[in-house]
Amino acid sequence: MTKRKTILSGIQPSGKLHIGNYFGAMRQHIRMQNEGDAFYFLANYHSLTSVNDGNLLSEYTMDVVLDYLALGLDPEKCTFFAQSDVPQTTELAWILGCLTPVSLMEKGVSYKDKVANGLSPNIGLFTYPILQASDILIYHSHLVPVGEDQKQNIEISRDLAGKLNRAYDKELLIIPEEYIVKSVAIVPGIDGRKMSKSYANTINIFDEGKALKSRVMSIQTDSTPLEAPKNPDTCNVFALIKLFADSETVLNISDKYKGGGYGYGHAKKELLTLIEGYFAEAREKRKELEKDPDYVRDVLHHGGIKARKRAESVMEPIREATGLFRSFIYEP
Ligand code: ADP
Ligand code: TRP
């Protein structure tokens with residue numbers, strides 16, 4: 001029997017999750033829980049690079065847990081946990097950091113992007129890829145489903161695994177395969193740029209009622225008059241419709257664009273209905289879960305125990321190989 005592959009991915013609880021996060025990451029995570037030994041975590045150490053308010057970070061963390069569970073993540077099928085329940089992650093990150101040339105971090109595009117977008121240029125942000133490498137390597141992960149924007153960080157983790165193995169002449173870490181989710185292009189935000197919480201152009205997954213309507217109605221479009229035929233392929237509203245509608249509906253709406261007499265307002269209303277239908281079940285489920293905080297905490301508690309056990313089994317040989325003195329046995 002071939003060994004089930006270990007799949008690992010994480011998401012930062014640093015704001016409300018939006019439909020770009022859903023189609024670009026979460027949907028794949030939920031699908032892949034059936035395809036291997038999946039580990040999914042809330043990257044709250046990473047969130048400290050941008051969130052410095054304790055209450056806010058715990059609130060975002062609980063929000064993301066509820067979002068994932070409501071959208072179909074099944075804690076019986078995967079290990080779902082908080083990064084901070086596995087302190088071995090930061091321990092390994094330090095060891096990897098001692099093998100990382102500064103020049104490798106200086107090439108990081110994500111650091112430059114984030115600073116350009118107003119995040120404070122702290123050391124945590126600068127060395128973020130080392131912590132991410134540790135997240136991946138500490139579970140001996142094989143597959144890391146991520147969006148295109150994370151490609152460089154995965155390459156860095158492969159590089160660092162090789163450096164540690166070579167430095168101590170032992171296969172202490174597994175080199176993960178790359179796994180870039182190609183199924184979804186970048187989801188546009190309401191202003192047409194990449195949807196991102198840094199651009200305040202998001203439609204959040206669990207927005208509803210007036211809040212949802214006002215976001216959808218403010219999607220930017222061009223000024224083609226209602227009567228004139230329109231090109232669906234250059235329209236932000238249509239790009240979003242394609243994510244939510246089945247192929248027949250997409251074709252039908254595309255014909256309406258091309259036929260004229262169909263305004264952007266009509267398209268926005270159709271999009272609103274589609275979004276509401278798509279997430280209806282998840283919304284109900286989320287409301288039920290909100291009433292049961294003990295269950296939610298329990299999920300993370302059990303996930304944390306499993307993840308920590310695995311991390312400890314990878315960490316112990318590394319402590320030994322690196323010659324780090326321990327006067328007691330660490331209880332995972
Ligand atoms: P944000 O840009 O809102 O801060 P993150 O960088 O935290 O989002 O992204 C978390 C995950 O969601 C990543 O795996 C990323 O690939 C995916 N993602 C974020 N925004 C989009 C988007 N607009 N389109 C597709 N995927 C996205
Ligand atoms: N950097 C990822 C993001 O912004 C989140 C993340 C942290 C991650 N650690 C990870 C993703 C490990 C995959 C594997 O989306």
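The ring count in this predicted model comes to 17 aromatic pairs, where rings of Phe, Tyr and Trp (its six-membered ring) pair if their centres lie within 6.5 Å, with planes under 30 degrees apart called stacked, over 60 edge-to-face and the rest tilted. One of them joins phenylalanine 81 and tyrosine 139 edge-to-face, at 5.6 Å centre to centre and 65° between the planes. Phenylalanine 81 sits in strand β3 (residues 79–82) and tyrosine 139 in the loop between α8 and β4, so this pair ties together parts that are 58 residues apart in sequence. Helices (H or I, at least four residues) and strands (E, at least two) are DSSP runs, numbered from the N terminus.

A word on bookkeeping: residues are numbered from 1 along each chain as its sequence is written, while chains are lettered from A and ligands numbered from 1 in the order in which they are written. The model being predicted, local features need pLDDT of at least 70 and side-chain atom pairs count only at pLDDT 80 or more, whereas totals for chains, interfaces and linings use all residues; side-chain values use heavy atoms, with hydrogens and water left out.

Now for ligand 1. There are 13 residues around this ligand, and His18, Asp149, Val187, Ser196 and Lys197 come nearest (a residue is near if one of its heavy atoms lies within 4 Å). The polar contacts here (pairs of N or O atoms within 3.5 Å) include one of 2.7 Å between a polar side-chain atom of lysine 197 and an oxygen atom of the ligand. The side chain of aspartate 149 also has an N or O atom 2.8 Å from an oxygen atom of ligand 1, and a polar backbone atom of valine 187 is 2.9 Å from a ligand nitrogen atom. Taken alone, ligand 1 exposes 540 Å², and the protein buries 87% of that (accessible areas come from the Shrake-Rupley method with a 1.4 Å probe). Four nonpolar, six polar and three charged residues make up the shell; Ala, Val, Leu, Ile, Met, Phe, Trp, Tyr, Cys and Pro count as nonpolar, Asp, Glu, Lys and Arg as charged, and the others, Gly among them, as polar.

Ligand 2 has 14 residues around it, with Gln12, Tyr128, Gln132, Asp135 and Gln150 coming nearest. Its nitrogen atoms feature in several contacts: a polar side-chain atom of tyrosine 128 lies 2.7 Å from one, a side-chain N or O atom of aspartate 135 is 2.8 Å from one, and a polar side-chain atom of glutamine 132 lies 2.9 Å from one. On its own this ligand has 360 Å² of accessible area, of which the protein covers 88%. Two or more shell residues come from each of β1 (6–11), α8 and β4 (143–146), and α8 gives the most, with four. By class, the shell holds seven nonpolar, six polar and one charged residues.

Finally, the model has one cavity of 30 Å³ or more. A cavity is a set of points on a 1 Å grid over the protein atoms alone where a 1.4 Å probe fits but cannot get out, and lining residues have an atom within 4 Å of a point. About 80 Å³ of space lies in the largest cavity. Among its lining residues are Met105, Tyr111, Lys114, Phe126, Tyr128 and Asn153. The largest share of the lining, four residues, comes from α6.

How values were computed: 1 Å grid on protein atoms, 1.4 Å probe; cavity = no way out; pocket = protein on both sides within 12 Å on 5 of 7 lines; lining within 4 Å. Points joined across faces, edges and corners; volume = space filled by probe spheres on them. Polar contact = N/O pair within 3.5 Å; in protein donor to acceptor, adjacent residues only side chain to side chain.
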